[in-house]
Amino acid sequence: MMNCQECEKFLEEYLDGELDARAGSHVASHLAACESCANAYDALVSEASLYASYERGVEVSPRLWDGVEARIRVERTGGEVGLLQRVSAWLAPLLTVPRFSPALTAALLLVAIALTVGVMKLAGSREKSHDEIARTDELNVKRSASPAPATTQHSETSTPAPTETPASAPGATPVSKPSPENRKSPGSERKRVNELGGGAQVLTASNTTQTTREQTPEQLVREAEQRYLAAIQILQRDVATKRTKLDPQTVARFDQSLAAIDRSIAETRRTVAEHASDPVAVQYMLSAYAKKVEVLREMAHADQ
Amino acid sequence: MMMERLAMETFDATTASQSGALDHPPMTTALTPIARARAGDADAFRQLFERYSRPVISFVFDMVGDRALAEDLTQETFVRAFRHLGALREEAKFSTWLFSIAKNVAREHLRSAERRASKVELDDESVLELQDERATPAVELLDKELNSVVRRALGALDEDKRTVFALKVFQQRSYEEIAEITGFSLPKVKTDLHRARAEMRRRVSPYLGVKQ
């Protein structure tokens, strides 16, 4: 026969139906014979009854499904839209959740942008080695003649594009009005258009400082990624021409590193897409791009 | 509450048995809502939503104590469920799996909102004041007041105890299911549940006799 101490120990499990048949029958027998334990059990039943009457006042509103359905539709469209939506979803809480203060968010973006600036400086330094300018002369003359875009960059010659980005970062001082000394020359812009080839988006961003200044954080991150891709494209072109001059073992080593980095890029992009709440996902992704640029650059200079 | 739980079990059992019927010639209509939702059928997923959204939103509300927020987090729960349906190993455990997503979503929110004092404090003095002012509470106010007391008492539990208590007492989950949902060991589930009951009892005890 079970004593009161043992019975008390099992009482909640008995109430919850978690005891096996044998233990359960022992408790039941004890409760039938012990008024004190029976009272304790009744008190538990009363509690359960009280909780059963608890009403939260929450209802499933039709808009709840509407919201789920809308988001699922976005998920199902997949591809770039889905990714951007998720990156955007990641960045939204980044700006509002106390864990990531605006200052920290701005710092994170500045890190990404600083990396981008470095990449674009590299890209700019390589401009003179290419002579595909003529093809887009007309386009660029038109752009520079247009009053609206007001590109507001720096010197008349080298490294035109990258330094635009910091002005667009949160907290950075915006360039309020283009001045003659900081207006970019048509030539420098033209060079960049040609150099970056398919990077039409980069051109667009560099042309419109005012627009850039108003860009959202997700746009900035997206732009940073695009700039990395453009820079990688340029460097890959350089590397392709120099590949044959390099020692095959060195080439193999570089290729191995690049393959590993590509895997990292793919993984980090997936992470950004799948784990929107991961606060460092974008940072890791941009770092992976930066690493690829670094390796390609090293490879391009390996014969020097 | 119990009926809701029984209905959910029946639904799970049905989907599981239908799942077994896949040995028969494949027919789209023979597929369970879970299988069809897995294949991207939004209507099937809606069926799942209609079946589980109420218990899920109740559970999330118990965790976060805010109706609008509970709605947002429930939406997030179902979106994640849809996204990761392919990772569900056993259809029979769909509701356990869904609740584990809901738990994760609620906890993520609570952790990110820690600085905003996510825990609804209920100190002993306020309970005593309520008790003193309302030694014999009016019947018409009792239910409303009781709901408020239970909600605040829940909010005063720490996160682990609140999770276990809500899953057991309100969602009628077995200890084993709670362990699966939370990732806690069975002994921890039992200990947390016992302590949660004791804390809740201390806070709602003034109402126990009155309610009967």
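Buried area is the accessible area (1.4 Å probe) that two parts lose on being put together, summed over both. The legends below describe a predicted model, in which local features need pLDDT of at least 70, side-chain atom pairs count only at pLDDT 80 or more, and totals for chains, interfaces and linings use all residues. Residues are numbered from 1 along each chain as its sequence is written, chains are lettered from A and ligands numbered from 1 in the order in which they are written, and side-chain values use heavy atoms, with hydrogens and water left out.

**View 1. The interface of chain A and chain B.** Together the two chains bury about 4,100 Å², and 57% of this area lies on carbon and sulfur atoms. A:Tyr51, A:Arg56 and A:Trp65 account for 19% of the area that chain A buries against chain B, more than any other three residues. In contact (heavy atoms within 4.5 Å) are 33 residues from chain A and 47 residues from chain B.

**View 2. Salt bridges and the chain A side.** Between chain A and chain B there are 10 salt bridges, each a side-chain nitrogen of Lys or Arg within 4 Å of a carboxyl oxygen of Asp or Glu. One of them joins A:Arg71 to B:Glu76, with 2.7 Å from N to O. On the side of chain A that touches chain B, two or more residues each come from helix 1 (4–15), helix 3 (35–52) and helix 4 (62–77); helices are DSSP runs (H or I, at least four residues), numbered from the N terminus. Helix 4 of chain A gives the most to this side, with nine residues.

**View 3. Aromatic rings at A:Tyr54 and B:Phe170.** Rings of Phe, Tyr and Trp (its six-membered ring) pair if their centres lie within 6.5 Å; planes under 30 degrees apart count as stacked, over 60 as edge-to-face and the rest as tilted. The structure holds 14 such pairs over all chains. A:Tyr54 and B:Phe170 form a tilted pair, 5.2 Å centre to centre with 40° between the planes. This pair crosses between chains, from the loop between helix 3 and helix 4 of chain A to helix 8 (residues 159–170) of chain B. B:Phe170 also pairs with B:Phe165; their centres are 5.8 Å apart and their planes at 85°, so this pair is edge-to-face. Buried means under 20% relative accessible area, exposed over 50%, partly exposed in between (1.4 Å probe, protein chains only). A:Tyr54 is buried at 5%, B:Phe170 at 1% and B:Phe165 at 0%.

**View 4. An aromatic cluster.** A:Trp65, B:Phe45, B:Phe49, B:Phe78 and B:Phe82 belong to one aromatic cluster.
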